[in-house]
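Please keep the sequence and the model in view while reading.

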Amino acid sequence: MAIEEIQIDFQSGEAIYLQLRNQIIIAIAKEELQDGESLPSVRQLAECLGVNMHTVNKAYSLLKQDGYLQLDRRKGAVVSVSVPCDKQLEVQAIYESMEMIVAEAICKNISKEDIYQIVDNMYDIFGK
């Protein structure tokens, strides 16, 4: 994933650091970013995207906290997807994230089958 591929929507209601975090996770899922691959420094990415360094730093910190990056003073941010020790905890976290999505789908009369199809299509997009 090249820096140029990151697209920040400054008009979005979603925080910039979350947009950046989410795009990096998607790139990892699509294998556009590989385990061990270095990301640009906080300063480089901030300059390229035209955002504050603290914004990039917050995104990188979240990615580290969530097990997608290792931060090293010498190497910088490196993709390092850690395999969860407790898969059940990860499943619970995914459940909690999806709870609102499913609630919204129900409120908007989107069927369970439609949701299954969406998830199935996403797995296909990510090549899994």
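The protein chain, which is a predicted model, contains 5 helices and 2 strands, and from the N terminus on these elements follow the order α-α-α-β-β-α-α. Among contacts between residues at least 6 apart in sequence, 52% join residues at least 24 apart. Some overall values for the protein chain are collected below.

| Property of the protein chain | Value |
|---|---|
| Box filled by the C-alpha atoms, along the principal axes | roughly 50 × 40 × 25 Å |
| Share of the 128 residues that count as buried | 22% |
| Accessible surface | about 9300 Å² |
| Part of that surface belonging to carbon and sulfur atoms | 53% |

Helix α3 covers residues 53–65, and because 13 residues at 1.5 Å a residue should span 18 Å, the distance of 18 Å between its end C-alpha atoms agrees with expectation. Which residues of α3 are buried? They are V56, A59, Y60 and L63, and since the buried residues fall within an arc of 95° when α3 is seen down its axis, they line one face of the helix. An α-helix has 3.6 residues a turn, so residues three or four places apart point the same way. The cover over the buried residues of α3 includes α1 (16–29), α2 (42–49), β1 (69–72) and β2 (76–79), whereas the face turned away from the buried side carries the exposed residues H54 and Q65.

At the start of α3, a side-chain oxygen of N52 reaches to within 2.7 Å of the backbone nitrogen of H54; after α3 comes G67, with a positive phi near 85°.

Methods:
Residues numbered from 1 in each chain as written. Predicted model: local features only at pLDDT ≥ 70, side-chain atom pairs only at ≥ 80, totals over all residues. Heavy atoms only, no water. Helix = DSSP H or I, 4+ residues; strand = E, 2+ residues; numbered from the N terminus. Expected span 1.5 Å × (residues − 1). Buried < 20%, exposed > 50% of the residue type's maximum accessible area, 1.4 Å probe, protein only. Arc of directions from axis to C-beta. Contact = heavy atoms within 4.5 Å. Polar contact = N/O pair within 3.5 Å; in protein donor to acceptor, adjacent residues only side chain to side chain. Areas by Shrake-Rupley, 256 points an atom, 1.4 Å probe, with all protein chains shown as cover.
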